[in-house]
Structure formats: structure tokens, C-alpha cells
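Here is a friendly walk through a protein model. Please keep the sequence and the 3D view open while you read.

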Amino acid sequence: MDDQNKNLILATVLSGLVILVWLFLFPPEPPQQNPTETETSQTAETGSTASVPATATTEQGTTAIVGETEQAVANAPRIAIETPRLRGSISLIGGRIDELFLKDYHVDVDPASPIVQVLAPAGTPNAYYALYGWAPGAGLSPDDVPSPKTEWAIESGETLSTDSPVTLRWANDNGLTFRRTIEVDEDFMFTVTQSVENASGGTVGLAPYGVLARHGEPADLKKFFILHEGIVRMSDGTLEEVTYKNIPDFEMNANEGARAEVEQVAENGWIGFTDHYWMSTLIPAPGTAFKSVAKYDERRDIYQTEAVLPTQTVTDGDSAIVTTQLFAGAKEWETIRKYENRGVVGFIDSIDWGWFFFLTKPIFWLLHHIHELIGNMGWSIIGLTLIIKAVLFPLAYKSYVSMAKMKELQPQMEKLKENAGDDRQKLQQGMMELYKKEKVNPAAGCLPILLQIPIFFSLYKVIFVTIELRHEPFFGPFQDLSSPDPTSIFNFFGLLPWGAPDPGSMMALIFIGILPLLLGISMFLQQKLNPAPTDPTQQMIFAWMPWVFMFMLGGFASGLVVYWIANNTITFTQQYLIMRSQGYKPDVFGNIKSGFKRKPKAEKK
């Protein structure tokens, strides 16, 4: 081995050691849990509420901060929300939807764990809520319209449910009466109808709005490059995503009184916040023009999105009615697709499909329908792998046929090497003539591998991002295919009386589970279909590769490792059978044995 190859191997080993030391000294932070019902009801801290949108006349952002004390939040009268899938309440202070839990989803895989909370009142940790109202215009002052601290009265309804809407009422002292009717469907969509009756004796102008406000970054922010978390909005067919990290970089907008980015939507759009699995979105009626505002109040650390509709001019004795929607819940593909089919344009793109959306969308669609048929996500992933391998089989067949022919040419290639000696140009020329004569393409074996890279990444995206994989079981200890393998060599896969290392720790990286081990073995056997390369450096790299991948993928989602094991197994079978059909009989066991034989030491000259 020459000095250049030695340096390459040394650099690779040292780089690996640096990564291991870094992970040991600076381990990744453990994921934080979503706030639970108990924590939200028992813990409160002084907070402030979001600012209201710009006025309808001047379009100047509100500069006054509406303060709320802890006691005011705790003592606010409420209307319960109770549906088959939701539990929560509406505060009569501001008439805000500010407490919402998802009955179908738990914080972790244990069914006894608390259910997931999506919205939380101001004055509690990680406050997150929806506000509605009217921005005052011509002939009105801020006191003439309901504010975030206005206490509304219940006009009808006691509990908000799928078949029982509630209506809130508030009237000022100058002849304006405001009503807000809130409805909810069987899933996660609220319909908010705002109306105003004018008996003031004059004409008034006001602009209806909806606000989503989030105090600080989410507690369970993943901050992972493959996942978008932050603002998501659709503006006349254009999707925009802004991460929480980049929102504070908005330029100051004098009209909004804060750092903001404003889009004027002509016909169709929506805006809100998206998390890993959950989302809240303001949705004006289809065909409605509105101002879409993404805003950050750096003084109070409040992230805010707004949908401000055109100013309504209401004459004396007349009224105005505006209906908008609020999505607050889980990013379920079927549910979001249903809302898109009902008129929410581009809503399916609120799921983070990524750059390879042309692959992630069909891959998820296929996986979803296989799961509907089989009922087990682990077997569904294996079924998906079979279908992908069947689609790629024509290319794989050509590749493996070419590889089989290459093996037949091995003796002739060795002879060319002997004849060429150190003349590399002569060797390359001779090999190209041999390939041309025998009609062999040496690069054909690379094509299936190149095609698998985007497919592998797309499947990783699907498994990591979509909620349909969250807490989905396979069998035995594999009860969550979206998380790493829970088994470990450390306790001999549960047979010894102590627990496995914590996920994400250095110990978990070393003491891997059953699935990564099977992955390493499947890669090792796939390699042994062919004899080891004659070049010592290549031989060493190929020998270590399965075990390096075994540890690398050990911390990945177990569903992805299941796919890779199935892919390796099918590839091994295909390659073995095709090579046999071409007259080349792979000596798998012989190649394994040769790998364990001690190499004779070269004689010293």
C-alpha cells in the first residue's frame, strides 16, 4: 500500500474519531415533551397577548400592548369544546380559541401518557391561541370594537360540539352589536362567522381579521434539517415556508409596528404555524382577497400570523357577515386532503414533502394504501419495498447481467494488468477495447444505486415527517416505527435485567439493536456475492462498509431500517438468481471463508 492510500485511511479513521468524541462531549439534547393537560392547568405565569392587526383606515400597526395578568387569565369564564377527537375550551376574554387537546394522540407510545396539547392560553408556558376581531376604520375608535381583552357574553350554546355551535355577543355604547358564531366539524376544522349590526346612526368601516399568536418557540422544536417548523402559507398558489430561526430576521415594517412580511392575496390562500406533526392555520373563504401577515414582536417574543380581510362599509341599519375557518390539529394526510377537496386550495402542501415531493407524495400515497390493505405498517414498508424493486427490476436486470459478464472477463482483465505492468494508459486502453468487444458496460452497475439514493431519502422523509408513521407498531418490541430500534446489545435485547441506553446517547450509538445488526449482516452477505477486490485498499473499505453503515443507521427511524433490510434481502435474491441465469455461480460461502483467511506476509526484498 502506497503512502497516499495510507494517508487516506488514516484521515478517514481520524475523522470518525473526531465525530465520536464530539458526540460524546456534546450529546444531542433529549426531545422535550408536549405540555400536558395537568401542566397547563396547574402552571401559569404572567404573560401578554398578541397585538391586533392594523386599523382599517390608516393601516398602521397597533403600538399599544394589551397586558393581561395571571389572575385575569386564570379567572376567565370559558365555554367547553368537546368532540369525538377534540377537548378544550374557548375563553370569553377576547372570545379566543386558546385551549385544545387531541384525544387520539398521546405524548408518547404509552397509551396511559397524557394527550397532546395544540393550543394553550396566554399566561401559561408556551402560550398559543387564535384571536378574532374587527380593526376599526372610518368613524370608529379602538374602543368601538371588541379587543383581545373584551369579555363576551354567551348568546346561545353551552358546549361547542359537532352538532352544537356557540354564539358570543358584545355591544358597544354607540349602537354597534357584534356576534361571533363558532362551529367545529368531526375532525379539526373550526368555522368562525363574525357579524356586526349597525344602529349607530352613521356609516362605519371596519376590517375583520384572524390572528394566530405563539409566545416563544415551541418547547418540542426538533430543529432538524429534514423537517420544516415555523410559518407556512399559501398565497395564490405560491407556497412559502419560514423557519422559527429566520422569522426574527424580518425587516421592520412601520405599518405593522413590528418585524413583518406582508403578502396581498388576491383569491385563495391560508397562513399559520406548522410543527412536526401538528398545525394551526387561518383560512379565509375560497375566492376571498386578504392581507397575509407574518410577524414577530421581538420585545415580547411573540410569533404571529394574521389574515386581514378587506374593510367592510356598513351603513346605518345594515349589517356585515364574514366567515373564515381555523384548522387546529394533526397533519393527517386523509383529513387535509379532504379539506383541500372542499375548497382549501393547496392545503395538502402544508405537509412538508420536501425537494423530492415528486417522489415523497407517490411513495406516501402507495404506503398509505398498502397499510390500509395490510393493517401493519412494518409489513406495509416491506410491501412497498417489493413494489419499488419490481419497478426498478428492468434496470437492475441489465445491471446484474453486466456484472455477471464482468466476472466472466476477470481472467482476461488480470492478463491485461500483467501485460500492461505500470503503464496505466495501456491498461485503460486495453480494458476499453475488451468492454467494447464483449459489449459490457462497466458503469451499468451504478445506475440502480444512483436511483436508490433519492428513493431512500424520500422514504426517510416520509417516515420522519408524516404523522401516519408516528407510534405505528410492527411486532414485539418495535412499537414505534418512527423512532430508533428500542432493543440493545447492552441488555442482550431485553433478556438481561437492566434497561437499554437512552436514545440519542453515546451508549445507544455503540450498543445498537436487532434491526441495525440485521442491516449489517444483509449488507455483508450482499457483498459476498462477489469475490473481494484485489486492491488491498478497496478490500479494506469494502470489508468495513457494512459495519460502518450498521452503526450509522442504528439511530435512524426503525421503519427506515426495516426498508433497508428488505431492500438488501431482495437485492441479494435478485442478483444471485440473475447471475446464476447468466452461467456465473456466486460462491457466497467461499467468499466469506476467504475473508477470514490470514493473508501471507509479503517477503522482504
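## Before we start

This is a predicted model, in which local features need pLDDT of at least 70 and side-chain atom pairs count only at pLDDT 80 or more, while totals for chains, interfaces and linings use all residues. Residues are numbered from 1 along each chain as its sequence is written, and side-chain values use heavy atoms, with hydrogens and water left out.

## Charged pairs

Side chains of opposite charge can pair when their charged atoms come close. How many salt bridges does a search of the whole structure find? The search gives 20, where a salt bridge is a side-chain nitrogen of Lys or Arg within 4 Å of a carboxyl oxygen of Asp or Glu.

One of them joins the side chains of arginine 179 and glutamate 155, at 2.9 Å from N to O. This pair links distant parts of the chain, 24 residues apart: arginine 179 sits in strand S11 (residues 176-184) and glutamate 155 in strand S8 (residues 153-156). Helices (H or I, at least four residues) and strands (E, at least two) are DSSP runs, numbered from the N terminus. Glutamate 155 has a relative accessible area of 40%, so it is partly exposed. On this scale, buried means under 20% relative accessible area, exposed means over 50%, and partly exposed is in between (1.4 Å probe, protein chains only).

Glutamate 186 and lysine 338 form another salt bridge, with their closest N and O atoms 3.0 Å apart. Glutamate 186 lies in the loop between S11 and strand S12 (189-198) and lysine 338 in helix H4 (residues 333-341), so the pair ties together parts that are 152 residues apart in sequence. Both residues also belong to a network of salt bridges that links Arg85, Asp104, Glu186, Asp187, Glu332 and Lys338.

Are arginine 300 and aspartate 297 buried or exposed? Both are buried, and their side chains meet in a salt bridge at 2.6 Å, N to O.

## Helices side by side

Axes here are lines fitted to C-alpha atoms, for helices over the stretch in contact, and angles run from 0 to 180 degrees between N-to-C directions. Angles under 35 degrees count as roughly parallel, over 145 as roughly antiparallel, 65 to 115 as roughly perpendicular and the rest as oblique.

The axes of helix H12 (residues 514-527) and helix H14 (residues 558-581) come within 9 Å and cross at roughly 20°. H12 is therefore roughly parallel to H14. Helix H8 (residues 410-420) packs against helix H9 (residues 424-438) at about 155°, with axes 9 Å apart. That angle makes H8 roughly antiparallel to H9.

## A buried residue

Phenylalanine 347 is found in the loop between H4 and helix H5 (357-374). With a relative accessible area of 0%, phenylalanine 347 is buried.

## A nonpolar surface patch

Which residues form a nonpolar patch on the surface? They are Phe490, Phe492, Leu495, Leu496, Trp498 and Met507, with about 590 Å² of accessible area together. Patches are made of residues with over 30% relative accessible area and no salt bridge: like charges are joined within 9 Å, nonpolar side chains (Val, Leu, Ile, Met, Phe, Trp, Tyr) within 5 Å. Accessible areas come from the Shrake-Rupley method with a 1.4 Å probe, and for residues only the protein chains shown count as cover.

Phenylalanine 490 is located in the loop between helix H10 (446-465) and helix H11 (506-510). Its relative accessibility is 32%, so phenylalanine 490 counts as partly exposed.
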